[in-house]
Amino acid sequence: MRLTVKLVLWFFVPVVLAVAVNAFYGVRAELERFEADVAARHVVMGRVLRAAFSEVLDTDGETRAVSVLDYTDKRIRLVDIRWVHLEPGAPSARVPAVSLDRLAPLRLGQDVHEKADGRLRSYVPLFLQDRPLSALELSESLDSERAVVGAAVFRELRAVAAIAIAIGVVAAGVGGVLVGHPVRLLVEHARRVGSGDFSIAAVPRRSDELADLAREMNAMCLQLGEAHRAKLRAIEQLRHADRLTTVGKLASGLAHELGTPLNVITLRARSIAQGRAEGERAVDAARSIAEQATRMTNLVRQLLDFARPSTPLRTLIDVREVIARSVDLVAPVAAKARIRVETDVAPGLPALRANGPQLEQVLTNLLVNAVHSMPDGGTVRISADAPAAASVPGSTTVRHDLIRLSVKDEGTGIAEENLAHLFEPFFTTKEVGVGTGLGLAVCYGIVRDHGGFIDVVSTVGEGSTFSVHLPKDRS
Ligand SMILES: Nc1ncnc2c1ncn2[C@@H]1O[C@H](COP(=O)(O)OP(=O)(O)OP(=O)(O)O)[C@@H](O)[C@H]1O
Ligand SMILES: [Mg+2]
């Protein structure tokens, strides 16, 4: 339930209850007042009639007095008036409607009022000369009381309804402005923070707790943003360090690879210097020197490019090109280790939206690991395709929007107990100084940043296949 509605209800229910309880007591008081009025009227009438009845009884006898009473009874339609005897054995017409025990106070000269069967009966004592105690009974229907109660209840209900509506409208309006709207803004802001947007939000110009909360959220966003930027810087430094480590590993292959062009250059330069190459031959030698120098420059530039700190830029990437660049980088170390690298890219693969240098880093790390796993040489196969369905490791999700880049080696394979730790930072089975254990952790981070995942299939003694899955470009 919305907070505003809850607040309104919390406010509304007790107020309406209080008003309703007050209304209930109001109606009850009205009822008591009505009955007290009837009783007071009975007392006045009873006392007047008592005086008249006693007078007539004394002067004209009982029959006349009773007929005067009957006459009065008929004239006053609202009230039934009777002369009742309080002694047991009285004729039935004179027996009071109320039991004699209840009429005991009459003996002390007090009036008695009794409510039963929807009527109010009042008894006024009659002390007559030479007669036992008797009384005048005035009995009146309380039917009209229902109408009084009905009118009072209606009046109170109308008041309760009016108060309820007024409270509801005011509380909903005020609650919406003071609570609902600012809380909605805070929720939106929290959602943005949750999705990684640490920008600050406008703070309401008020000095209540919600404005304080908005201010605190902004302060938190500034800190989170700073921490996030620091984390990104640290990650990039780590990735850069990993690239430099890879460059170090590739350098031995490069040194080997540079040997041939350097030899050619040395021989050609020497032949020119010693005057053995003249005219056309000298031109050929110089051209050959220039070609070999260009080849060396390219080899070194590839490595330097790879070592450069990357930017977070993502562009449309041709899978074939990234694979070719990574294979070129690793080719010298692979050749040195008597390893052939085969490439198999499925035709018609869509482009990827990715960070080129980072993707190259992933493939290069996997290729270097493959090379390291094959001390006796062999073949490493790097392939790319778009599987119809790929299940996400550790979940039941199946994705159909992925491009798969696989590096398959014929190396040592990975022991079962190591499989779960491969992507942990600093997990390595290599000797100190050979492996840092960062390569696969960096691959994992980069691929996850791109919305993809890596899985591994490995058999000890047969080899391993690392498959990088990346989402196709949707634009
Ligand atoms: N293709 C592979 N064949 C066999 N084992 C592998 C393969 N790739 C990775 N491993 C295992 O996973 C471990 C971690 O690999 P990772 O690339 O993260 O670190 P590393 O190669 O040891 O060091 P570096 O950080 O220098 O790459 C390796 O030490 C190795 O035991
Ligand atoms: Mg490695």
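Here are a few notes on this predicted model, covering the ligand site, the nonpolar cores and one serine.

1. Ligand 1 first. It has 21 residues around it, and K249, T428, T429, K430 and T436 come nearest. For K249, a polar side-chain atom sits 2.4 Å from an oxygen atom of the ligand, so that's a pair to look at when you open the site.

2. The backbone takes part around ligand 1 too. A polar backbone atom of L438 is 2.7 Å from a ligand oxygen, and for L440 the corresponding distance, again from a polar backbone atom to a ligand oxygen, is 2.8 Å. On its own the ligand exposes 590 Å², and the protein buries 95% of that.

3. Now the nonpolar packing. The largest core has 51 residues, and the members touching the most others are I323, V330, L352, L359, L366, L405 and V468. Take V468: setting aside residues up to four places away in sequence, it touches V362, L366, I403, R404, L405, V447, F453 and I454. There is also a second, separate core of 16 residues, with L49, F53, L126 and L136 among them.

4. Last, S141. This residue belongs to strand 4, which covers residues 134-141. Is S141 buried or partly exposed? Partly exposed, because its relative accessibility is 24%, and the buried class stops under 20%.

5. As for the surroundings of S141, its side chain reaches the backbone nitrogen of D143 at 3.0 Å. Beyond neighbours within four places in sequence, S141 is in contact with G118 and R119. I81 is 60 residues away from S141 in sequence, with 12 Å between their C-alpha atoms.

How values were computed: Residues numbered from 1 in each chain as written. Chains lettered and ligands numbered in written order. Predicted model: local features only at pLDDT ≥ 70, side-chain atom pairs only at ≥ 80, totals over all residues. Heavy atoms only, no water. Core = buried A, V, L, I, M, F, W, Y, C linked by side-chain atoms within 4.5 Å. Buried < 20%, exposed > 50% of the residue type's maximum accessible area, 1.4 Å probe, protein only. Contact = heavy atoms within 4.5 Å. Helix = DSSP H or I, 4+ residues; strand = E, 2+ residues; numbered from the N terminus. Polar contact = N/O pair within 3.5 Å; in protein donor to acceptor, adjacent residues only side chain to side chain. Near = heavy atom within 4 Å. Areas by Shrake-Rupley, 256 points an atom, 1.4 Å probe, with all protein chains shown as cover.
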